[in-house]
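Subject: Structure handover

Hello,

Please find below the structure I said I would pass on. My notes on it come after it.

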Amino acid sequence: MARIAERLASGPTLSFEFFPPKTAGAQLTLGRTIAAVEPLKPDFVSVTYGAGGSDRHRTGDVVTWMRRETDLEPMAHLTCVGHHRDDVASLLVEYRRLGVENILALGGDPPKDGDVAGDYQFASDLIADVAAPGCFSVGVAAHPEMHPRSPDRASDRRHLADKLSVADFAVTQFFFEVEHYIRLVDELSDLGVDKPVVPGVMPIANLAPIQRMAAMNGTEIPKWLGERIAAADDPAEVARIGTEVAIDLAGQLLAAGAPGIHLYTLNRPDAAQRVCAALDLRHD
Ligand code: FAD
């Protein structure tokens with residue numbers, strides 16, 4: 001076991017993000033994916049948290065399974081939405097009992113039809129409670145192209161700097177041009193923040209769902225990328241281009257001094273395996 005903050009301190013990290021499956025078939029897919037990427041020895045893997053409702057236990061189920069069945073170091077995502085301080089406290093006690101040492105503390109997005117009333121408004125409120133016991137390495141979200149609810153760039157960066165004054169590191173939303181990351185890190189540095197900001201890299205396998213996610217989280221899909229993918233003849237060619245673009249971007253990010261690469265896997269192993277092979281990211 002190792003806290004992510006310590007792994008970040010000892011060289012560029014490799015990490016993968018998964019989402020908790022909802023069906024038996026999707027569980028088998030995730031199991032196969034994890035078996036395929038575990039030999040790449042990522043420094044940590046993260047498991048997302050549902051927007052609300054009855055399926056939120058799935059994050060805990062997946063990290064518990066990982067702890068029991070694999071050598072992976074899990075990071076559980078947790079959001080503010082609908083949570084009260086006492087349920088967060090119980091969840092954190094349970095994570096401690098299971099040996100989960102890393103939490104990504106997030107604002108979350110209010111579900112269209114769910115209950116959003118709770119004790120937390122912003123991620124910074126939740127971060128304070130997650131950091132308080134002193135036993136978790138705490139990560140936060142960063143949005144290189146600004147969070148869509150931020151009224152301006154200065155306030156976006158100020159709130160992120162506030163989160164990083166308590167948290168240990170940030171993981172970014174996906175983006176497609178290295179300049180967004182460099183500008184983010186420079187702006188944080190101007191605010192006196194030098195905590196690690198791990199860039200999130202999304203290998204595109206299918207453009208339509210990525211366009212939907214990008215529209216929600218304020219990521220621009222550059223014209224050159226949209227055109228390259230539109231010219232592809234079949235889904236295999238789209239995935240090949242998406243992986244090639246991710247390899248290029250990850251290489252540029254590492255050359256720019258990024259403290260690691262966080263790959264959004266969408267629970268599929270192929271792109272993660274290819275990016276790691278191309279950049280020699282496998283850890284021994
Ligand atoms: P916050 O930090 O609360 O910021 C939200 C907005 O409020 C920003 O505009 C910010 O500038 C502003 N703000 C912050 N503090 C203040 C303040 N004190 N006063 C006024 N304004 C303020 N969502 C999920 O539901 N589940 C997941 O598992 C998940 N994983 C994610 C992983 C990563 C790496 C990233 C980047 C995002 C993830 N998200 C996830 C999405 C995230 O929950 C949304 O982007 C959400 O809208 C904002 O989260 P945040 O932590 O940035 O919120």
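This is a predicted model: local features need pLDDT of at least 70, side-chain atom pairs count only at pLDDT 80 or more; totals for chains, interfaces and linings use all residues.

Residues are numbered from 1 along each chain as its sequence is written, and side-chain values use heavy atoms, with hydrogens and water left out.

Strand E5

Helices (H or I, at least four residues) and strands (E, at least two) are DSSP runs, numbered from the N terminus. Strand E5 spans residues 137–142, and six of its six residues are buried; buried means under 20% relative accessible area, exposed over 50%, and partly exposed in between, with a 1.4 Å probe and protein chains only. The burial holds on both faces: Ser-137, Gly-139 and Ala-141 lie on one side, and Val-138, Val-140 and Ala-142 on the other.

E5 pairs in the parallel sense with strand E4 (residues 102–106) over four bridges, where pairing requires that DSSP finds at least two bridges between the two strands. In that pairing Leu-104 stands opposite Gly-139. E5 also pairs with strand E6 (residues 169–174), again parallel and over four bridges, and here Val-140 stands opposite Ala-170. From E5 the chain passes through helix H6 (residues 153–166) to E6 in a right-handed β-α-β crossover. Right-handed means that, with the strands pointing away from the viewer, the path from the first strand over the helix to the second runs clockwise.

Second largest pocket

The second largest pocket holds about 280 Å³ of space. A pocket here is an open set of points on a 1 Å grid over the protein atoms alone, where a 1.4 Å probe fits, with protein on both sides within 12 Å along at least five of seven lines; lining residues have an atom within 4 Å of a point. The volume is the space filled by probe spheres set on the points, which are joined across faces, edges and corners.

There are 16 lining residues, and the closest to the centre are Pro-203, Ala-205, Thr-265, Arg-268 and Ala-271. Helices H8 (207–217), H10 (235–255) and H11 (270–279) each supply at least two residues of the lining, with the largest share, four residues, coming from H11. By type, the lining has 10 nonpolar, three polar and three charged residues. Ala, Val, Leu, Ile, Met, Phe, Trp, Tyr, Cys and Pro count as nonpolar, Asp, Glu, Lys and Arg as charged, and the others, Gly among them, as polar.

Aromatic pairs

The whole structure has four aromatic pairs, defined by ring centres of Phe, Tyr and Trp (its six-membered ring) within 6.5 Å, with planes under 30 degrees apart stacked, over 60 edge-to-face and the rest tilted. Phe-174 and Phe-176 are edge-to-face, at 5.7 Å centre to centre and 65° between the planes. Phe-174 has a relative accessible area of 1%, and Phe-176 one of 5%. Phe-175 and Tyr-181 are stacked, at 6.4 Å and 10°, and both are buried. Ring pairs also link Phe-174, Phe-176 and Tyr-264 into a cluster.

Positive phi

Lys-41, which is not a glycine, has a positive phi near 50°. Lys-41 lies in the loop between helix H2 (24–37) and strand E2 (44–47), and is partly exposed at 44% relative accessibility. Met-146, also not a glycine, has a positive phi of about 80° and sits in the loop between E5 and H6.

Regards
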